[in-house]
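The sequence and structure are shown first, and the description follows.

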Amino acid sequence: MKKIGIVAVMVLLAGPAWAQQQPIQKYGEEDKEKTRSDIAAEKEAERAYKRSLGNIPEQKGGDPWGTVRSDSAAPKAAAKAPAKPKAAKTDVKTETTAK
């Protein structure tokens, strides 16, 4: 059982090590020549991308927080002061007679 675990760990560590050995294009190297099918696929992808941009609806301009940041316009909520509640009147005579 212990041997199986050791083999499993070695296999898991071998994958990233093998991936690092794959050749990558270095800076300054010339690109590989593209085939006709690659060029056609890129053109079709570009056309599909431009068509998809046409499906996006126009966005409304404007700043939703503009009134909050604006120094020239006073906020609408601060323009009117809230009314104070009236104090309840108590009648001393009715309180003593109700008892």
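Salt bridges with shared partners link Arg47 with Glu44 and Arg51 in one network. The model is a predicted one.

Glu44 is partly exposed because its relative accessible area is 37%, a value that lies between the limits of 20% and 50%.

## A further salt bridge

Which residue does the side chain of Lys34 meet in a salt bridge? The partner is Glu42, with a distance of 2.8 Å from N to O. Lys34 has a relative accessible area of 47% and is therefore partly exposed. For Glu42 the relative accessibility is 43%, so Glu42 likewise counts as partly exposed.

How many salt bridges are counted in total? The count comes to three.

## A nonpolar surface patch

Apart from the charged pairs, a nonpolar patch may be described. Tyr49, Leu53 and Ile56 form this patch on the surface, and together they have about 310 Å² of accessible area.

Leu53 is part of helix α2, which covers residues 36-54. Is Leu53 buried, partly exposed or exposed? Leu53 counts as partly exposed because its relative accessibility is 43%; a residue would have to be under 20% to be buried and over 50% to be exposed.

## The chain as a whole

The protein chain contains five helices and zero strands. Along the sequence, these elements follow the pattern α-α-α-α-α.

What share of the 99 residues in the protein chain is buried? Buried residues make up 0% of them. The accessible surface of the protein chain amounts to about 10800 Å², and carbon and sulfur atoms account for 60% of this surface.

## Summary

Glu44, Arg47 and Arg51 are joined in one network of salt bridges, while Lys34 and Glu42 are paired in a salt bridge. Leu53 contributes to a nonpolar surface patch with Tyr49 and Ile56.

Terms used
Residues are numbered from 1 along each chain as its sequence is written. This is a predicted model: local features need pLDDT of at least 70, side-chain atom pairs count only at pLDDT 80 or more; totals for chains, interfaces and linings use all residues. Side-chain values use heavy atoms; hydrogens and water are left out. Patches are made of residues with over 30% relative accessible area and no salt bridge: like charges are joined within 9 Å, nonpolar side chains (Val, Leu, Ile, Met, Phe, Trp, Tyr) within 5 Å. Accessible areas come from the Shrake-Rupley method with a 1.4 Å probe; for residues, only the protein chains shown count as cover. A salt bridge is a side-chain nitrogen of Lys or Arg within 4 Å of a carboxyl oxygen of Asp or Glu. Helices (H or I, at least four residues) and strands (E, at least two) are DSSP runs, numbered from the N terminus. Buried means under 20% relative accessible area, exposed over 50%, partly exposed in between (1.4 Å probe, protein chains only).
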